[in-house]
Amino acid sequence: MTVFCLLLVCVLIVKVTGTASTEGVGPRRSDYDRLNFSQAAVIATSVVKHVTSPVFLSVNIDAASLYHGIDLKNNTLISLTSKLSPAILRIASDPPYLNIATSSNDIKLSYWDELVDFAAQTKLQLVFDLNCLNLRSADNTWNTSNAELLFRHMVENNQTIYGFQLGNEPAHFIKNNPEKGVNAQQLAADFTTLYDLLANYFPSYTRPKILGPDICCSLIYLNDFLTVISDNVLDAITVHQYPLEGRNLAKNISGECTILDFLSGEKLDRSNIKLLEYKGAQRLVAPGKHLLLGETATAGDGGCPNLSNTFAAGFFWLDQLGRSAVLGFNAVFRQNLVGWSGKSTVSNYAMLGVPGWTFGEHLTPHPDYYTSLLWKQIMGMRVLDVHGISDSVDVRVYAACSTRIKGTLALAYVNLANNTRHITIKIVQLINDGFEPRPYFGTRVDYILTAPSLTDDEIFLNSKGPLKPYSSLEGKLVTNNTSLFLLPSHSYGFSELVDVSTSVCSDP
């Protein structure tokens, strides 16, 4: 392989080799010695690709869970959620049908207070999606009466939250309700109204931010909205993306809900197309605004039963976190944390509890919850570029500065294949007229995540487990006498390269 690099760029070469395994989902010992194919990746260690945010990995609770009266005082829910801090907690739905204390089906103000207390107890910052698309005046402008009722209550009780949104997936709403739809120009005007209202009710130092427009399926709508909205109104751009089609029995849609769908690198890479479109619109029309992936999971419409909350979902989740960081998204919101995804649709992609959990003690974390904790523990905000040659879509490698060990490098990887893989790590320094690779024989701390079966609701860390809420998420110290890093078949995980020192990870 020939590597061409710019002056003063130090790179880390990661060469991947692997072999087929014929039994189960894990590697056999004989696999370790049969290396039949290889691929390579190059990680630039002296250039920061992007800087995310402390709340990069954030979570949603669908407003449907509030409609069903989810127990926000549950001690287990509070404890498990608090471990995800720092993060933003977003409350939203499609469509945003919940109002504040105007009928028996609405959120009572006392329940709103519980929500604010829940965010405070878990140390998550609250974002709430106001009902806009279903609350229209005769001239089709947003009817603000319900929002103002909430604002007055907040002022009277000295409450503030991180931010508000206005409507959810408006282009999707138009598609399903053409006679009630709100076009991009009108929605931009409604956002301006929200901006003025917040300025009237809250002083500048406690004023909630405004995030939107939560687009899921129309780049044209997003472009039109960003073109007409005033620059000072919007604090961040929010978009949604699900790579797989979920199951919707009401519409007779079976969805892409097989294990082969969940292991398809080509289908996971659908995210790249849509996320690049969103990033292009942001750069072209609103380059100064942060871009947030406000909703994402394996599949839409509540996900796939017995798949979207199992070990198999982790391939997507870790890959989506890595690719979003590289593409320049400042936050990724997992849909969702717990409960429901619609009035009559349970959340199969929730990270906690059985689908449709509302109350009780049966609130066991699913595998993606532990992967999320490890991402926060290991992967820092400074994202490093990964590029190079690959002959397979099955292995993905992402790099960032380590959160735990200042100045060093952390890797996240996904191995979709039923093959064992080895990563050959080499550091390349710029000398004279080229790079001379030097194998990395330094110390690593590995965090290899596996499961007995791909559809298990359990996850093992370095072959120990299954993990429980009280488990210590400690890595395995590896003092290398080889530059090979084994990736078991159908696994994902992390590694800290303790002896790689790079200035971009050391600077304040």
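Where is Pro-86 found? I looked it up in this predicted model: Pro-86 sits in the loop between helix 2 (75–82) and strand 4 (88–92).

I noted another cis bond, from Gln-335 to Asn-336, with omega near -10°. Asn-336 is in the loop between strand 10 (331–334) and strand 11 (340–342). I flagged these since most peptide bonds are trans, and most residues other than glycine have a negative phi.

On to positive phi. Glu-169 has phi near 50° and lies in the loop between strand 6 (163–166) and helix 5 (170–176). I get a relative accessible area of 7% for Glu-169, so I count that residue as buried, the cut-off being under 20%. Asp-214 has phi near 60°, but is found in strand 7 (residues 209–215). Asp-214 is buried too, at 0% relative accessibility.

Next, the cores. The largest nonpolar core has 117 residues, and Phe-164 is among those with the most contacts inside it. Helix 11 (residues 313–327) gives the largest share of this core, nine residues. I listed partners of Phe-164 beyond four places in sequence, including Phe-128, Leu-130, Phe-151 and Lys-209. A second, separate core of 19 residues includes Ile-43 and Tyr-440.

Last, a helix pair. Helix 6 (residues 184–201) and helix 7 (residues 219–228) pack at about 45°, axes 8 Å apart, which means helix 6 is oblique to helix 7. I have the crossing of helix 6 and helix 7 down as right-handed.

Key. Residues numbered from 1 in each chain as written. Predicted model: local features only at pLDDT ≥ 70, side-chain atom pairs only at ≥ 80, totals over all residues. Heavy atoms only, no water. Core = buried A, V, L, I, M, F, W, Y, C linked by side-chain atoms within 4.5 Å. Buried < 20%, exposed > 50% of the residue type's maximum accessible area, 1.4 Å probe, protein only. Helix = DSSP H or I, 4+ residues; strand = E, 2+ residues; numbered from the N terminus. Contact = heavy atoms within 4.5 Å. Axes fitted to C-alpha atoms, helices over the stretch in contact; angles between N-to-C directions. Parallel < 35°, antiparallel > 145°, perpendicular 65-115°, else oblique. Left-handed = near helix turned anticlockwise from the far one by under 90°.
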